[in-house]
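The entries follow the order of my reading.

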Amino acid sequence: MLLGITLLYVGAVLVLNSIWLAGRIEDREIIVINVAVAAISTSIALGLAIGATDQTGMRDAAMTLLFAITYGWVAYNRASGSDGRGLGWFSLFVAITVLPMAFVAAPPSLWGMWMAANWAAWSGLWFIYFLELGLGWNIRKLTVATTFATGVLTGWLPGLLFLHSVMP
């Protein structure tokens, strides 16, 4: 069930961040969802770490914290007025760090292939943030569309499916 909760709120924050990136939500308003999801993700990661009995549990906690730090940093940038370059370079670190999960999470099953595709999509999304924030590329429309699609397809809908016991 923790995966369902995590995915639901990651989906929510990505969808809302895409709407904010499109200029439809003010900077000071987007802080709330980013702080909330950072706190939820941190709590889940700490629970995973405390309950970990093997390396896989600790890896899952570490990967979840990458999401939490990202959303916390978005909130900080909006509150402080920072330009996001630091978050952009952190996004490159995250994109590279999570990419191997696309291979680790891919046992020969439909579920494994789906999780592998999610990790690849998240890696790609963080790389887009690096290009826009870290390098200053003018790709806002791509960033908005990719953030929205990733939020719906890898977070919101799968999270609902998990919480309603439609997915394993």
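Entry 1. In α1, I listed Leu 2, Ile 5, Thr 6, Tyr 9, Val 10, Val 13, Leu 16, Asn 17 and Trp 20, which meet Asp 27, Ile 30, Ile 33, Asn 34, Val 37, Ile 40, Ile 44 and Leu 48 in α2. Contact here means heavy atoms within 4.5 Å, and helices are DSSP runs (H or I, at least four residues) numbered from the N terminus. The residues of this contact divide into 13 nonpolar, 3 polar and 1 charged. In this scheme Ala, Val, Leu, Ile, Met, Phe, Trp, Tyr, Cys and Pro are nonpolar, Asp, Glu, Lys and Arg are charged, and the others, Gly among them, are polar.

Entry 2. I noted the origin of the values. The model is predicted: local features need pLDDT of at least 70 and side-chain atom pairs count only at pLDDT 80 or more, while totals for chains, interfaces and linings use all residues. Residues are numbered from 1 along each chain as its sequence is written, and side-chain values use heavy atoms, with hydrogens and water left out.

Entry 3. I looked up the geometry of the pair. Helix α1 (residues 2–21) and helix α2 (residues 27–51) pack at an angle of about 160°, with their axes 10 Å apart. That makes α1 roughly antiparallel to α2, a term for angles over 145 degrees. The axes are lines fitted to C-alpha atoms, for helices over the stretch in contact, and angles run from 0 to 180 degrees between N-to-C directions. Just after α1, I found Gly 23 with a positive phi of about 85°.

Entry 4. The axes of α1 and α6 come within 14 Å and cross at roughly 35°. Leu 3, Leu 7 and Leu 14 of α1 make the contact with Trp 111, Trp 114, Trp 122, Leu 125 and Tyr 129 of α6. By class, this contact has 8 nonpolar, no polar and no charged residues.

Entry 5. Which residues does Leu 8 touch, its neighbours within four places in sequence left aside? Leu 8, found in helix α1, is in contact with Gly 155, Trp 156, Gly 159, Leu 160 and Leu 163. I also noted that Leu 8 and Phe 162 are 154 residues apart in sequence and 9.0 Å apart in space, C-alpha to C-alpha.

How values were computed. Helices (H or I, at least four residues) and strands (E, at least two) are DSSP runs, numbered from the N terminus. The expected span of a helix is 1.5 Å times one less than its number of residues. Angles under 35 degrees count as roughly parallel, over 145 as roughly antiparallel, 65 to 115 as roughly perpendicular and the rest as oblique.
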